[in-house]
Amino acid sequence: MILLRRLEVEGFRCFRSRVDLDLAHPIVVLLGPVGVGKSSVIGAIQYALFGTTIEVRRRLLRKGDLVNDYAGKMRVRLELT
């Protein structure tokens, strides 16, 4: 069984600076108002696992659109066990 342990995101969509999320708990809930990055967390996991997101595959976004305008570069790291 493969489990998500940690997600580090920097410069991906709404995440300009580095965000480190601990996902090692049995249940993880993403809760917050519109525009705080809930979908971006899911997109970052997709990108780390598959090298793309559903929006890019459906041609709603270009890969370059995933990079935060203010960051200039993107880094997504996923730790699995």
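**Close-up views of a predicted model**

**View 1. Contacts of T52.** Apart from neighbours up to four places away in sequence, T52 is in contact with Q46, Y47 and R57. The model shown here and in the views that follow is predicted. T52 belongs to the loop between α1 and α2, the latter being residues 54–57. The relative accessibility of T52 is 14%. Buried means under 20%, so T52 counts as buried.

**View 2. R13 in the loop between β1 and β2.** Where in the chain does R13 lie? R13 is found in the loop that joins β1 and β2. Its contacts, leaving aside neighbours within four places in sequence, are S39, S40, E55, L66 and N68. For one of these residues, S40, the C-alpha atom is 6.3 Å from the C-alpha atom of R13, although 27 residues separate the two in sequence. R13 has a relative accessible area of 25% and is therefore partly exposed, since that class lies between the limits of 20% and 50%. The phi angle of R13 is near 45°, which is a positive value in a residue that is not glycine. Most residues other than glycine have a negative phi.

**View 3. R59, a second residue with a positive phi.** Phi of R59 is positive, at about 65°, and R59 is not a glycine. R59 is placed in the loop between α2 and β3, where β3 covers residues 75–80. Is R59 buried or exposed? With a relative accessibility of 76%, R59 counts as exposed, because exposed means over 50%.

**View 4. The salt bridge between D20 and R6.** The closest N and O atoms of D20 and R6 are 3.2 Å apart. This pair links distant parts of the chain, 14 residues apart: D20 is in strand β2 (residues 19–22), while R6 is in strand β1 (residues 4–10). D20 is partly exposed, at a relative accessible area of 38%. R6 is partly exposed as well, at 27%. Side chains of opposite charge can pair when their charged atoms come close.

**View 5. The salt bridge between R18 and E8.** R18 and E8 have their closest N and O atoms 3.2 Å apart. Because R18 lies in the loop between β1 and β2 and E8 lies in strand β1, the pair ties together parts that are 10 residues apart in sequence. R18 counts as partly exposed at 46% relative accessibility, whereas E8 counts as buried at 8%.

**View 6. The salt bridge between E79 and R77, and the network around it.** In this pair, the closest N and O atoms are 4.0 Å apart. E79 is partly exposed, with a relative accessible area of 30%, and R77 is partly exposed, with 37%. How many salt bridges does the structure hold? There are nine salt bridges in the structure. A network of salt bridges links R6, E8, E10, R18, D20, R75, R77 and E79.

**View 7. The largest nonpolar core, with 11 residues.** The members of this core are L7, V9, F12, F15, L23, V41, A44, I45, V56, L66 and L78. At least two residues come from β1, and at least two come from α1 (38–50). Which element gives the most to this core? That element is α1, with three residues. L78, one of the core residues, touches L4, R6, L7, I45, A48 and L49 when residues up to four places away in sequence are not counted.

**View 8. The largest pocket and its lining.** The space in the largest pocket is about 160 Å³. Its lining consists of L3, L4, R5, L23, A24, H25, P26, V28 and I45. Seven of the lining residues are nonpolar, one is polar and one is charged. L23 and I45 line this pocket, and L23 and I45 are also among the residues of the largest nonpolar core.

Definitions and conventions: Residues numbered from 1 in each chain as written. Predicted model: local features only at pLDDT ≥ 70, side-chain atom pairs only at ≥ 80, totals over all residues. Heavy atoms only, no water. 1 Å grid on protein atoms, 1.4 Å probe; cavity = no way out; pocket = protein on both sides within 12 Å on 5 of 7 lines; lining within 4 Å. Points joined across faces, edges and corners; volume = space filled by probe spheres on them. Nonpolar A, V, L, I, M, F, W, Y, C, P; charged D, E, K, R; others polar. Salt bridge = Lys/Arg side-chain N within 4 Å of Asp/Glu carboxyl O. Helix = DSSP H or I, 4+ residues; strand = E, 2+ residues; numbered from the N terminus. Buried < 20%, exposed > 50% of the residue type's maximum accessible area, 1.4 Å probe, protein only. Core = buried A, V, L, I, M, F, W, Y, C linked by side-chain atoms within 4.5 Å. Contact = heavy atoms within 4.5 Å.
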